[in-house]
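These are my notebook entries on a structure I was asked to look through. I record what I looked up, entry by entry.

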Amino acid sequence: MARYGMVIDESKCVGCNACRVACQNQNNLAPYEAYNHLEEREYGAFPNYNREFLPVQCQHCDNPPCVRVCPTGASHKRKDGVVLVNEDKCIGCKYCIAACPYNVRIIKKEGYIEKCRFCIEFVEKGETPACVTTCMTGVRMFGNLDDPNSEISRFITKHKLKQFKAEINTQPRIYYRKA
Amino acid sequence: MAEHDYLKGLKISRRSFLKASAMGAGAFVLSHELLDFKSWVHAQTEAPVITFPTFCNGCGNRCGIIASVKNGRLWKIEGNPEANGNLGVVCPKGHGYLHDLYNPQRLKSPLKRAGDKFEPISWEQAYKEISEKINLILMDKGPQSLFWVNYPQSNHQYALRLMHALGSPHYFTHGSTCYTARNAGWVTTVGQLPSNDLSNAQYILIIGRNPAGGINLGQVKCIVEAKGKGAKLVVLDPRHSETAILADEWLPIKPGTDLAFLLGFINVLVKEELYDKKIVSEKTVGFKQLVEEIVNYPPEWVEKICEIPAKTITRIARDMAQVKPKALIHRGYHGAFGAQYLNSFQTARALAIANSLLGNINRKGGIYFAKSALLGELQPKHPAPEFPKMGKLDGTGVPGRYPLGSYGDGIAHAIPELALRGELKAGFVYHNNPLRTNPNPKRVMAGYKKLELLVVIDTVLSETASIAHYVLPESFYLERDEALDTKHSGKRAQVSIQQQVVKPLYNTRPGTQIIIELAKHLGVEKYFNFNIEEANQLRLKPLGVTLGDLKARGVLFVGENWKEGFDKLETPSGKVELYSETLKKLGFPPVPKWEEPFVSPDPRDPHSFRLLHGKQAIHTHSMTANQPYLMAISHRYDMIRLWMNRLRGSQLGLKDGDWVKIKSTVGEGKVRVRLTEGLHPSCVWLPSGYGIFSKHLNTAYDIGLNYNDFLPTYFDPTVGHSMSSEIVVNVTKA
């Protein structure tokens, strides 16, 4: 079975938000519902200045706090590594929102909690997540971490990558290449 | 809760679900995956997805897209990987703007003004009344009193044909507020506007252009590709643009002094003999005169003008010369020298000359002439109208007025003056909104209101539509078959087509159909005896591809591949004109010469700033601000703010997010500030795309400011462009 993961190359993100809207369309979200967001950071003083955008979405943690606190089992971790919310089991208590250190869960207009699903229904049909395919600079890479020959596996072995907030031991399945 | 309790709640598909899962993945997975039952149901009951290749209308780039329709409703778009302009990707505007299809504020039928309101009327009544009024005006004032202005669409040639059929020369684009200085600079130097071979360049210098913000997807993809191969990217821009994020080096130049930088750059190339000697001797004219002028601009002098260190200018010139001809200075667009400063035309000239000295004209990794698809003509089957006998009243191409102006673009922001003077009496505005996108809206409104007849063709009630006598609702771009296009031509020409994805929701019609029907009512039907299908077929004929193939693929490559080098350019001398006899005759400097910006902020006044503007990746002109998906981003990230250098802000006692009042000679307004280290201290920067004042656009109304509110009406002496960064504003804490 595949075990999915993602690489985000922070050095390439120009903050355009195409990923946000492509994801909203793919998942039929409302204008204010977004599964990913950007954190802009500025460095230095004029004229020696730089800024960068950090794209953030559900990290599909292997040790997911949202799953631990969910009282109904709605938030769950699948064998293939993807963390999902079962909307029928979700009672909208928001424990997971409080527990998630990445601030990526939203309350949907229908009342349940949702977040990035790694476009899993589409991935299972052989497609690639919408945030990956729409990006003009190729910030994201998605694939099977268990396949040593996948593009993403080869990239991970070649580059020094970091996990976001690795120190809190959430064991994210998204790996960041720093700017 | 035990799993079997959960299963009790399930209805119809439980049995088949259990069966499928058990067969597919085994019992263990079954129990695990049950929790995801709903998504499985979604997948199984999902309606079939039908896809259509077409092109986007979220900005002027007209990117190739594949639109997906589910249950008769538009679902999403993806990039067409074969389209040269966007290479398979889509920007946020493309994804967001498609929702305007279902915008409840869309125009649903033709409208006629009745006092302060509009009343719906039939198409037949609209055409009849409009044509009666136009025919009266034509009889009374002559055909030159009629105009058409549009933001270029694939069908613009039919609008031009209609104006010519009626005898009017007055077809306008938005060019004079956007790019006419850049175009003229290139045309007078190398004979045409070239493209950038970014992906093969080893050194890319971008001056003012921001393809990652004023998005050009193909260019950004090519820059990333070049960088992946080790190319260096340097961005010269007063603001740390989105493209600067990708750059190896950001050089915050003092606004309005890009010409000085280029003169210094050329000075180094000449003084150190770093230029391509073979190209200069064989393919250029006027090198001697260039040298005579350029000695005046050593980098040490330039440093004082543009605040870029002399040694940096020298280093960049040397490094670029080292890898020439695979070194290019981006051809530019709006930013820095499209229609910005009094010196923009000379800046474009200097930029074209600097590239030429690098020997990169029509070379791999340099500046190149894109291949173009030679579409077929509608004649002889459908005879073309005669070219109008009289020139344009705006003075484009007229010696003594705007001699280098582009006749094809005209000077659209002169329309209000011509209307106030009574020279223009009636006009059509199609897919354009001059009340919001032209300088000094009070003046624009006064001009357009003076017209005896204003007809606006749009999908919503924009500012301009709001004051029209008649509004004709165009079908949304995803609802209509349209003219084919060659916009995506690059190393090989490409032809593309816009086609209907969903049926029109309302009583709207495609732009070309509206033009043809207007022509019939106006008595010039003999030039419009075709429909869009036949016109597309005739135009495609010489290319050796069928309309069926094109409709199936959305884009097709046609013609030969690009080749390096050139024999003869389309300039009077056939060579690169470092020195231009044409310019001399017209009384302009024949070789580029330093020229100060027209106005500059007072360096002793802490409240005095130059007002710059630029695009954000999420908005196009004034047309996307009302789109909730895109405006949600503006709010979420507080992007409506005015950028100001942090030090200058603190001198005014400002904190990040504070409200300020900005005031120029023509307007004032309030906005919040973003204090940043990423902006030159002499200027403030306002994102364009906000400041919507049409009350019919709920999402965007009264949010943010627009630079046009502060811009006096200018016409530069070369091409008549709007000099849109020649604004000094006074900024105070509100």
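**Entry 1: H13 and H14 of chain B.** H13(B) passes H14(B) in a right-handed crossing. On the H13(B) side I noted Pro299(B), Glu300(B), Val302(B) and Glu303(B) in the contact, and on the H14(B) side Ala310(B), Ile313(B) and Thr314(B). I sorted these residues by class and recorded 4 nonpolar, 1 polar and 2 charged. H13(B) spans residues 299–306 and H14(B) residues 310–323; the angle between them is about 120 degrees, and their axes are 8 Å apart. The two helices are therefore oblique to each other.

**Entry 2: H10 and H14 of chain B.** I then turned to helix H10 (residues 258–271) of chain B, which also packs with H14(B), at an angle of about 55 degrees and with the axes 9 Å apart. The crossing of H10(B) and H14(B) is right-handed. H10(B) contributes Phe261(B), Gly264(B), Phe265(B), Val268(B) and Leu269(B), while H14(B) contributes Ile313(B), Thr314(B), Ile316(B), Ala317(B), Met320(B) and Ala321(B). The contact of H10(B) with H14(B) comprises 9 nonpolar and 2 polar residues and no charged ones. I noted that Ile313(B) and Thr314(B) are listed in the contact with H13(B) and also in the contact with H10(B).

**Entry 3: the loop between S26 and S27 of chain B.** I located Thr699(B) in the loop that runs between strand S26 (683–687) and strand S27 (728–733) of chain B. Leaving out residues up to four places away in sequence, I found Thr699(B) touching Ala625(B), Asn626(B), Gln627(B), Pro628(B) and Met631(B). I also looked up His469(B), 230 residues from Thr699(B) along the chain; the C-alpha atoms of the two are separated by 25 Å. Met723(B) is placed in the loop between S26 and S27 as well. Its phi is near 50 degrees, a positive value in a residue other than glycine. Met723(B) counts as buried, because its relative accessibility is 3%.

**Entry 4: backbone geometry elsewhere.** Ala336(B) likewise has a positive phi, near 75 degrees, and is not a glycine. I found Ala336(B) in the loop between strand S13 (327–329) and helix H15 (344–357) of chain B. At 12% relative accessibility, Ala336(B) counts as buried, since the cut-off is under 20%. I next looked up cis peptide bonds. In chain A, one joins Phe46(A) and Pro47(A), with omega about 0 degrees. Pro47(A) lies in the loop between strand S2 (36–45) and strand S3 (48–57). In chain B, the bond from Gln379(B) to Pro380(B) is cis, and its omega is near 10 degrees. Pro380(B) belongs to the loop between strand S14 (367–368) and helix H16 (415–420).

**Entry 5: confidence.** I recorded ipTM 0.98 and pTM 0.94 for the model. Chain B has a mean pLDDT of 93, and 94% of its residues reach 70 or more. Over residues 1–35 of chain B the pLDDT is below 50, and this stretch has 34 contacts in the model beyond near neighbours in sequence. Where pLDDT is low, the predicted coordinates should not be read in detail.

Terms used: Residues are numbered from 1 along each chain as its sequence is written. Chains are lettered from A and ligands numbered from 1 in the order in which they are written. This is a predicted model: local features need pLDDT of at least 70, side-chain atom pairs count only at pLDDT 80 or more; totals for chains, interfaces and linings use all residues. Side-chain values use heavy atoms; hydrogens and water are left out. Axes are lines fitted to C-alpha atoms, for helices over the stretch in contact, and angles run from 0 to 180 degrees between N-to-C directions. Helices (H or I, at least four residues) and strands (E, at least two) are DSSP runs, numbered from the N terminus. Angles under 35 degrees count as roughly parallel, over 145 as roughly antiparallel, 65 to 115 as roughly perpendicular and the rest as oblique. A crossing is left-handed if the near helix is turned anticlockwise from the far one by less than a right angle, and right-handed if clockwise. Contact means heavy atoms within 4.5 Å. Ala, Val, Leu, Ile, Met, Phe, Trp, Tyr, Cys and Pro count as nonpolar, Asp, Glu, Lys and Arg as charged, and the others, Gly among them, as polar. pLDDT is the predictor's confidence in each residue, from 0 to 100. Buried means under 20% relative accessible area, exposed over 50%, partly exposed in between (1.4 Å probe, protein chains only).
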